[in-house]
Amino acid sequence: MAQTNKEINTLTNKDLSIQISLSGLSFCILQRDSNTISSLTEINFGKKLNYLVLLDHLKNAIEDTPALQQSFNSITVVHDNDLSNLVPMPLFDEDHLADYLKFSSKILKSDFIATDDILLNDSVNVYVPFININNFIYDTFGEFTFKHVSSVLIENILLTEKNADEPKVYVNVGQDHFEIIIVDKAKLVLYNTFDFSSKEDFIYYILFTTEQLNLNPETFQLILLGQIEEGDELYNIAYKYIRFVSFGDKNVNYNFVETPKSKHSNFTLIHSF
């Protein structure tokens, strides 16, 4: 394997973002001097793996990809899992991190718990990162930053909706799960994540969640991000039950060496820089 950031320790104009989930990996390289996304790669496993096998896949991906064996000015890792919870900042107590997660997530006493401050929402995101992934990234590249996927989503959607005056329902679709973010009048109303294995699961969770908030599928706007395209089964069933369905937009000013699949794909990966 080529030398790593740790061994070279020189500044470059390239930043690397890596998104990690049990069902896949994504890599993005940003050339800062030309403001260009020079590489965008997705690896889907087709099923959920355990965290030990996940690390093996990450090691193999880096070893097999010369573009990932360079020196980078900065590296960001986005942890994509359902082990997170939002806590209002005025109520947050760093001595009770496990308490914020234990009722909604299965955690172990040995789990490392991290936090992201979400200033736009005056909240703290408490979550469990893939610590074996973090250790490997540090050993391979040196210093890096990491955050939870929901932090990236919430921050950027709140920025997008800062002048909005009506409810919006955002759904960010992954291979076997999706995040749902509901905002109204520039405020976060709800964040949650759901696993799904069929299109019926997908629409059920969306309709159930919006019904709890008394949102009418004839009037609210559903905005889709991630791994979903017009005409596929997830889009079609959403359009069948919800009147106003559209795709989001990354709204970034980057150039792309290769045109992305769509304006709404890889939203969190690209917005993590």
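This is a predicted model: local features need pLDDT of at least 70, side-chain atom pairs count only at pLDDT 80 or more; totals for chains, interfaces and linings use all residues.
I began with aspartate 184, which is partly exposed at a relative accessible area of 25%.

Residues are numbered from 1 along each chain as its sequence is written, and side-chain values use heavy atoms, with hydrogens and water left out.

**Salt bridges**

I looked up the partner of aspartate 184 and found lysine 185, the two side chains meeting in a salt bridge at 3.9 Å, N to O. The criterion is a side-chain nitrogen of Lys or Arg within 4 Å of a carboxyl oxygen of Asp or Glu. Lysine 185 counts as exposed, at 54% relative accessibility.

I then turned to lysine 199 and glutamate 200, whose side chains form a salt bridge at 3.1 Å, N to O. Lysine 199 is partly exposed at 30%, and glutamate 200 is partly exposed at 42%.

Next I examined glutamate 218 and arginine 243, a salt bridge in which the closest N and O atoms are 3.7 Å apart. Glutamate 218 sits in the loop between α6 (199-212) and β12 (221-226), and arginine 243 in the loop between α7 (233-241) and β13 (244-247), so this pair ties together parts 25 residues apart in sequence. Glutamate 218 is partly exposed, with 43% relative accessible area, whereas arginine 243 is exposed, with 52%.

**Whole chain**

I listed eight helices and 14 strands for the protein chain; these are DSSP runs numbered from the N terminus, helices being H or I of at least four residues and strands E of at least two.

I checked the radius of gyration, taken over C-alpha atoms against a globule rule of 2.2 Å times the number of residues to the power 0.38. The chain has 19 Å, which agrees with the value near 19 Å for a compact globule of 273 residues. Its C-alpha atoms fill a box of roughly 55 × 45 × 35 Å along the principal axes.

I noted that buried residues make up 48% of the 273 residues. Of the contacts (heavy atoms within 4.5 Å) between residues at least 6 apart in sequence, 61% join residues at least 24 apart.

Technical notes: Buried means under 20% relative accessible area, exposed over 50%, partly exposed in between (1.4 Å probe, protein chains only).
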